[in-house]
Amino acid sequence: MTTDTERRTPRADCLADAAGAVTFDLAGVGATDAELVLKRRGGEGEQDETRLPLTPSGDGTSRAVLPGTAELAEGHWDAYAGDRPVESGIRDVRALLDQTPDTDRIAARVPYPTAGGSLALRCWVRAPHAEAGDIGLVAEHCAMTVEGRLYGTDVGEGAAAEARLRGGDLVHRVPATGEDGAFGFTLPFAPLAEASGGKDQWWDLWLVPAAGAAAVRVSRVLDDVWDRRNVFVYPKQRTETGQFAEPCYTVDNDLCVRLTAAR
């Protein structure tokens, strides 16, 4: 016989810490729900599913813990109790604010509610990693400034930032500076607009830490925001070609520049 508890939609409150661990406290789980299952969206292999034991807490809830040392690939991981999606409850993510981890490999995890209200975990795995910090706008030069921190490698001689045309082979490079893990650069929008031919375009931003080094994607993942697109919105600047340029983030929290035609 199916009990009322087993028919109820499971609901989880979450507590995330800066070391990558996440504690899940579930209500509405049934006696047959022995595990919390995390499944990577779009994945099909064994590595795309993680099972966490559920332990009764004695107050009608059960607890599962994802250790910070657990290996989760980058992507979106949906939570299930058995085969039932878990509803997102209270998410305590205060420990994720203003992180400056002492590690070369970044493994960031943010629990969040999907559009349908289910619980998911957004994971990033980056090594090395260029974490974007303050983004400034220089109106008189129609440019943006970027400051951030670099993990897993150092800024050296010949460091540069690259704006790469998405879907094309155009690259615009500017010098970058940095020391003690910090980096910074100024990117004028005029060269991007002039190369665009008046078309709407996206230019992705990369950091080359030193001459000859592999480029590192500039992103912002070390806080509690799983999707920055509508949260971090910057003013548009009008270029000499009549287009508008604006810094923005992608669905993966990667930093880019968007060019749009004047209309």
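Predicted model: local features only at pLDDT ≥ 70, side-chain atom pairs only at ≥ 80, totals over all residues.

Tutor: Start with strand S5 and strand S6 (residues 61-66): they run antiparallel and are joined by two bridges.

Student: What makes S5 and S6 a pair?

Tutor: Two strands pair if there are at least two bridges between them. S5 and S6 are joined by two bridges, so they count as paired.

Student: Which sheet holds S5?

Tutor: An open sheet of five strands, in the order S5-S6-S2-S1-S9, with mixed pairing.

Student: Why are strand S5 (55-56) and strand S9 (87-92) called edge strands?

Tutor: Because each of them pairs on one side only.

Student: Why is Ala-210 called buried?

Tutor: Buried means under 20% relative accessible area. Ala-210 has 18%, so Ala-210 is buried.

Student: Where is Ala-210 in the chain, and what does Ala-210 touch?

Tutor: Ala-210 sits in the loop between strand S17 (201-208) and strand S18 (216-219). Leaving out residues up to four places away in sequence, Ala-210 touches Gly-156, Glu-157, Gly-158 and Ala-159.

Student: How do you know that Ala-210 and Leu-165 are apart in space as well as in sequence?

Tutor: They are 45 residues apart in sequence, and their C-alpha atoms are 21 Å apart.

Student: What makes a set of residues a nonpolar core?

Tutor: The residues must be buried, belong to a list of nonpolar types, and be joined through side-chain atoms within 4.5 Å. The largest such core here has 30 residues, and Phe-24, Leu-26, Leu-36, Leu-66, Val-86 and Leu-121 are those with the most contacts inside it.

Student: Which strand gives the most to this core?

Tutor: S11 does, with four residues.

Student: What does Val-86 touch?

Tutor: Not counting residues up to four places away in sequence, the residues touched by Val-86 include Leu-26, Leu-36, Ala-79, Tyr-80 and Leu-119. Apart from this core lies another, of 29 residues, among them Ala-130, Ile-135, Leu-150 and Leu-259.

Student: How many residues does the protein chain have, and what share is buried?

Tutor: The protein chain has 263 residues, and 45% of them count as buried. The chain has two helices and 21 strands.

Note on methods
Residues numbered from 1 in each chain as written. Heavy atoms only, no water. Buried < 20%, exposed > 50% of the residue type's maximum accessible area, 1.4 Å probe, protein only. Contact = heavy atoms within 4.5 Å.
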